[in-house]
Amino acid sequence: MINKAVRNAVEAIQGLKDGMTVMFGGFGLCGIPENAIAAIRSAGIKNLTCISNNAGVDDFGLGLLLQTRQIKKMISSYVGENEEFERQMLSGELEVELIPQGTLAERCRAAGAGIPAFYTPAGYGTEVAVGKEVKVFNGKPHILEYAFEADFAFVKAWKGDTAGNLIYKGTALNFNHVMAMAGKITVAEVEELVPAGALDPNFIHTPGIFVQRIFQGAHYEKRIEQRTVRKKDLVV
């Protein structure tokens, strides 16, 4: 059995260089690869093109790499929680490509499935479609979208084994699974790392064949973007 485990995030990001295209799993702050992001920040790797559903918040997630100007371009679907992102975008410091969320997911999935391109009606008639090929299917215009090409994909799972098999927990499944399939080198950080064979194969979400490196992360904050609580019941 091939052992894909590395000791920590510093080992896991080896080979990541300036100017590369990188995927980051997660949705909002749920299921983001916290340890990998911290290691990339510490390593000072810059001019990155980042593919992620969102750009984190000002002081957490990918917001940490925006603070240090390590991201050259963001390819995202939702970016509304990050003031520094907004500032850099409006000032022209940061290149931004906004993509419909379903298209973002499908471009990841297509990459993992070996599909080079596909047609979708999403975005037709908007700025998303500018410069793209259009074809009509069943009387409805569709635009041509290409599968992503990413040098690295960094994902976060709840549990994994040394062979790279992954299990996600709850909504942390989000973009992690499709991105894990799409990277040329996929790095998974997990909360619990177990020996190969210890996971029930019926519950594995991402097979180890898609993962090149895996490590057990530490000190997960698991922040909540917008915490909403019920008001205390009034006693009359």
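F24 and F154 are both buried (buried being under 20% relative accessible area, exposed over 50% and partly exposed in between, with a 1.4 Å probe and protein chains only). The model behind this is a predicted one, where local features need pLDDT of at least 70 and side-chain atom pairs count only at pLDDT 80 or more, while totals for chains, interfaces and linings use all residues. Residues are numbered from 1 along each chain as its sequence is written, and side-chain values use heavy atoms, with hydrogens and water left out.

Back to the aromatics. A search of the whole structure turns up three aromatic pairs (rings of Phe, Tyr and Trp, the last by its six-membered ring, pair if their centres lie within 6.5 Å; planes under 30 degrees apart count as stacked, over 60 as edge-to-face and the rest as tilted). For F24 and F154 the ring centres are 5.7 Å apart and the planes sit at 20 degrees, so this pair is stacked. F24 belongs to strand β1 and F154 to strand β8, so the pair ties together parts that are 130 residues apart in sequence. Helices (H or I, at least four residues) and strands (E, at least two) are DSSP runs here, numbered from the N terminus. Ring pairs also bring in F152, linking F24, F152 and F154 into a cluster.

Y119 and F137 make a pair as well: their ring centres are 5.3 Å apart with planes at 55 degrees, so the pair is tilted. Distant parts of the chain are linked by this pair, with Y119 in strand β5 (residues 117–120) and F137 in strand β6 (residues 134–137), 18 residues apart. Y119 has 26% relative accessibility and therefore counts as partly exposed; F137, with a relative accessible area of 36%, is partly exposed too.

Now for the strands themselves. β8 spans residues 150–161 and is mostly covered, with ten of its twelve residues buried. Two strands are taken as paired if DSSP finds at least two bridges between them. On that basis β8 runs parallel to β1 (residues 21–24), joined by three bridges, and V22 has F152 as its bridge partner in β8. Ten bridges join β8 to β10 (residues 183–194), again in parallel, with A157 partnered by V190 of β10. The pairing with β9 (residues 166–167) is antiparallel and has two bridges; there, K159 stands opposite I167. Four residues lie between the strands in the hairpin of β8 and β9, where G164 takes a positive phi near 95 degrees.

β1 is covered on both faces: T21 and M23 are buried on one side, V22 and F24 on the other.

Leaving aside residues up to four places away in sequence, what K156 touches includes G31, I32, P33, Y168 and N176, contact meaning heavy atoms within 4.5 Å.

In α4 (residues 83–91), E84, F85 and Q88 are buried. They cover an arc of only 105 degrees around the axis, so they sit on the same side of α4 (the arc is that of the directions from the helix axis to the C-beta atoms). Exposed E83 and L90 are carried on the face turned away from that buried side. Cover for the buried residues of α4 includes α3 (63–67), β3 (71–76) and β4 (95–98). At the start of α4, a side-chain oxygen of N82 comes to within 3.1 Å of the backbone nitrogen of E84, and after the helix comes G92, with a positive phi near 85 degrees. Helix α2 (residues 34–43) has E34, N35, A36, I37, A39 and I40 as its buried residues, and just after α2, G44 takes a positive phi of about 75 degrees.

Methods. Polar contact = N/O pair within 3.5 Å; in protein donor to acceptor, adjacent residues only side chain to side chain.
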